[in-house]
Amino acid sequence: MLLKIEKRAEYSKAMVYLTPVIALVLTVLASIILFKLLGVNPIEALYQFFVAPLDSKYELSELFVKATPLILCAIGLSVGFRANVWNIGAEGQLTMGAIVGSSLFIYFPETESVFLLPAMIMLGAVGGGAWAAIPAYFKTRFNANEILTSLMLVYVAILVLSLLVHGPWRDPAGFNFPESQTFSPSATMPILVSGTRMHFGTLLALLAVLGTWIMLARTLIGFQVKVIGAAPRAGGYAGFSQKKVVWFVLLFGGAMAGIAGISEVSGPIGQVLPTISPGYGFTAIIVAFLGRLHPVGIFFAGLLMALTYLGGETAQISLGLPVAVTGVFQGMVLFFLLACDVLVHYRFRLNTARKVVS
Amino acid sequence: MSGFDWITPVILTVITAATPLVFAGIGELITEKSGVLNLGVEGMMLVGAVSGFITATVTGNYFLAVAAAALAGAIMAFLFGILTLSLMANQVATGLALTLFGVGLSALMGQNFVGQPVAALAKLDIPGLSDLPFIGPILFGQDGLVYLSFVMAIVVSWFLYKTKAGLILRAVGDSHDAAHSIGYSVIGIRYLAVMFGGAMSGIGGAYLSLAYTPMWAENMTAGRGWIALALIVFATWKPGLVVVGAYMFGGITILQLHAQAAGLNVPSQVLSMLPYLATVFVLVLISKDQSRIRKHAPACIGKIFHPAA
């Protein structure tokens with residue numbers, strides 16, 4: 001081989017920050033080919049995808065509306081990924097958070113207390129956390145692989161939601177549609193900027209970014225998460241409990257996803273529907289990696305992935321492109337990112353070594 | 001016949017529900033035996049399902065359709081190979097990426113084909129034999145892919161434990177450094193194993209879109225790729241048990257359908273949860289005994305191979 005991959009003595013700090021950029025450039029290049037194949041002008045398509053969705057105050061606020069659940073879920077997942085705990089069931093935890101959180105309104109619709117919404121948000125976190133506690137228990141007690149258990153529970157959570165909105169939670173005045181009654185003002189997230197849908201959940205997401213940043217950098221549990229993830233045996237010698245970390249990261253991730261769920265149903269959706277997320281919990285996996293598992297990185301990655309949702313909708317209306325392009329695009333970002341990550345720990349060199357002839 | 005007329009149709013539906021899992025499970029088994037964990041089964045199945053469906057609709061040739069599905073799955077797996085084998089990316093993250101990418105790509109490819117009907121895969125019909133009561137339709141009335149799934153399970157079993165190539169594959173999965181030091185191309189062998197897994201997942205997906213429910217719908221695999229991954233743990237990496245497990249899960253899926261048809265007073269959603277809950281339950285049960293898992297799992301699974309100098 002002409003090119004040789006060689007391990008770097010120390011990982012490249014510059015590449016940690018550069019690879020997401022390289023990955024995005026490669027994704028754009030690949031999507032130019034994709035747009036050509038779909039028979040649209042690539043420049044026009046790129047414009048509709050990345051620029052057009054940002055040209056008004058309303059559109060800009062929509063970016064935050066879409067980014068909110070992505071950032072919340074990704075923050076939660078990233079802490080787990082750092083500890084090598086692969087919770088991929090954020091979509092289910094989001095759904096369960098939405099269910100448990102909104103149960104308060106569903107059963108006490110007359111309540112006008114100012115404490116209703118905060119209580120709903122708390123319950124959302126509890127619901128998501130409880131759903132993530134199942135894989136945590138199975139992993140710590142029975143060594144069951146959390147990837148598979150957390151994913152299976154996504155399907156179960158979505159079926160529980162369907163069961164509720166098709167049955168006991170159906171709005172009696174709703175002409176038999178599978179929808180709950182619409183949330184009262186006291187059960188609805190306050191709007192941050194009038195004339196937009198930007199809601200209180202966005203503040204919660206920002207809070208999560210800051211809080212997690214501090215937690216990882218300054219607290220003992222944050223340190224334990226990082227040590228257990230990077231060197232489990234060193235963590236063991238230091239007396240850190242692996243089980244405790246598994247429990248912590250799963251409960252934390254579940255709670256974050258649960259908050260994302262309740263802020264969707266009591267925010268932009270405003271009622272409980274059979275489908276409450278276009279796959280935010282899965283896209284959040286991409287957001288977490290693209291943001292380098294760092295809270296601040298995740299914030300920007302969340303905005304970028306939110307842009308692909310908006311761009312997908314814009315391109316569908318203006319160019320007739322299928323919405324599925326968004327999914328392909330998101331998948332490509334992660335692919336290229338993982339491919340480029342080789343540059344962090346390795347470097348390419350021309351293979352100049354000659355065989356020794358004796 | 002007396003009150004047992006229902007048995008044959010039930011067994012027939014169990015077979016159709018189990019076959020996609022047999023294909024995906026047997027394929028992923030080879031991948032994992034070579035020391036690679038590919039979590040992208042769901043994505044490869046979806047791309048296989050849509051490729052097979054499109055080929056069948058456009059050409060009407062089912063042989064080509066299955067071949068296209070296998071090729072599509074193998075190409076997806078090849079992408080996974082480039083990332084994890086050549087560029088040494090994390091296998092868990094790349095597998096997730098492959099699934100996410102496959103979900104999007106299959107939706108994009110199939111957007112003009114949603115809801116279109118296609119004739120189901122033809123079933124074997126041997127005059128006389130296929131009409132035998134009870135065993136006739138089960139043994140002699142299946143479509144070609146059902147027979148192929150059993151052939152593949154037997155071939156894989158024979159390959160792994162009775163051939164030298166199979167021994168080398170297992171050696172690569174158990175100790176890549178040792179295999180490398182005696183001159184085997186670890187990366188090359190793993191590429192082949194990964195692509196075989198992809199091709200089989202593709203065929204498993206095509207079975208869904210061409211035989212199980214002859215149509216294309218977004219995300220129609222509904223988690224079967226993940227169930228196939230769980231099956232391998234359940235089977236402790238043994239091909240025979242993968243087939244047994246696939247039929248158990250097929251049985252649970254069908255139990256659920258028949259319970260709904262029989263008017264059992266349980267909400268349909270609760271019954272639909274059964275396969276997923278059963279997967280979790282089985283995983284917990286099997287994982288409890290870690291020494292058994294450790295004894296059978298390929299020692300190098302998920303580990304990155306980078307030959308020193």
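Does B:I11 count as buried, partly exposed or exposed, and what is the relative accessibility behind that class? In this predicted model, B:I11 counts as partly exposed because its relative accessibility is 30%, a value that lies between the cut-offs of under 20% for buried and over 50% for exposed.

**Nonpolar surface patch**

- The residue B:I11 belongs to helix α1 of chain B, which spans residues 7-33.
- On the surface, B:I11 forms a nonpolar patch together with B:L124, B:I126, B:L129, B:L132, B:F134, B:I135 and B:L139, and the accessible area of these residues together is about 580 Å².

**Nonpolar core**

- The largest nonpolar core comprises 226 residues, and the residues with the most contacts inside it are A:F35, A:I71, A:F81, A:F289 and B:W226.
- Helix α9 of chain B, covering residues 186-212, contributes the largest share of this core, namely 13 residues.
- Leaving aside residues up to four places away in sequence, B:W226 touches residues of chain A, among them A:I88, A:I147, A:L148 and A:Y155, and also B:L39, B:E42, B:L96 and B:T99 of chain B.
- As general background, nonpolar side chains in soluble globular proteins tend to be buried together.

**Salt bridges**

- Over all chains, the structure holds four salt bridges, including the pairs described here.
- A:E62 is paired with A:R197 in a salt bridge whose closest N and O atoms are 2.8 Å apart; this pair links distant parts of the chain, 135 residues apart, since A:E62 is in helix α3 (residues 57-82) of chain A and A:R197 is in the loop between α6 (146-166) and α7 (200-218) of chain A.
- Within this pair, A:E62 is buried because its relative accessible area is 6%, whereas A:R197 is partly exposed, with a relative accessible area of 31%.
- A:E146 and A:K139 form a salt bridge with their closest N and O atoms 3.0 Å apart, where A:E146 is buried at a relative accessible area of 4% and A:K139 is partly exposed at 24%.
- A:R292 forms a salt bridge with A:D341, with 2.8 Å between the closest N and O atoms.
- Because A:R292 lies in the loop between α11 (280-290) and α12 (295-319) of chain A, and A:D341 in the loop between α13 (324-340) and α14 (342-345) of chain A, the pair ties together parts that are 49 residues apart in sequence.
- A:R292 itself counts as partly exposed, at 22% relative accessibility.

Note on methods
Residues numbered from 1 in each chain as written. Chains lettered and ligands numbered in written order. Predicted model: local features only at pLDDT ≥ 70, side-chain atom pairs only at ≥ 80, totals over all residues. Heavy atoms only, no water. Core = buried A, V, L, I, M, F, W, Y, C linked by side-chain atoms within 4.5 Å. Buried < 20%, exposed > 50% of the residue type's maximum accessible area, 1.4 Å probe, protein only. Helix = DSSP H or I, 4+ residues; strand = E, 2+ residues; numbered from the N terminus. Contact = heavy atoms within 4.5 Å. Patch = residues over 30% accessible without salt bridge, like charges linked within 9 Å, V, L, I, M, F, W, Y side chains within 5 Å. Areas by Shrake-Rupley, 256 points an atom, 1.4 Å probe, with all protein chains shown as cover. Salt bridge = Lys/Arg side-chain N within 4 Å of Asp/Glu carboxyl O.
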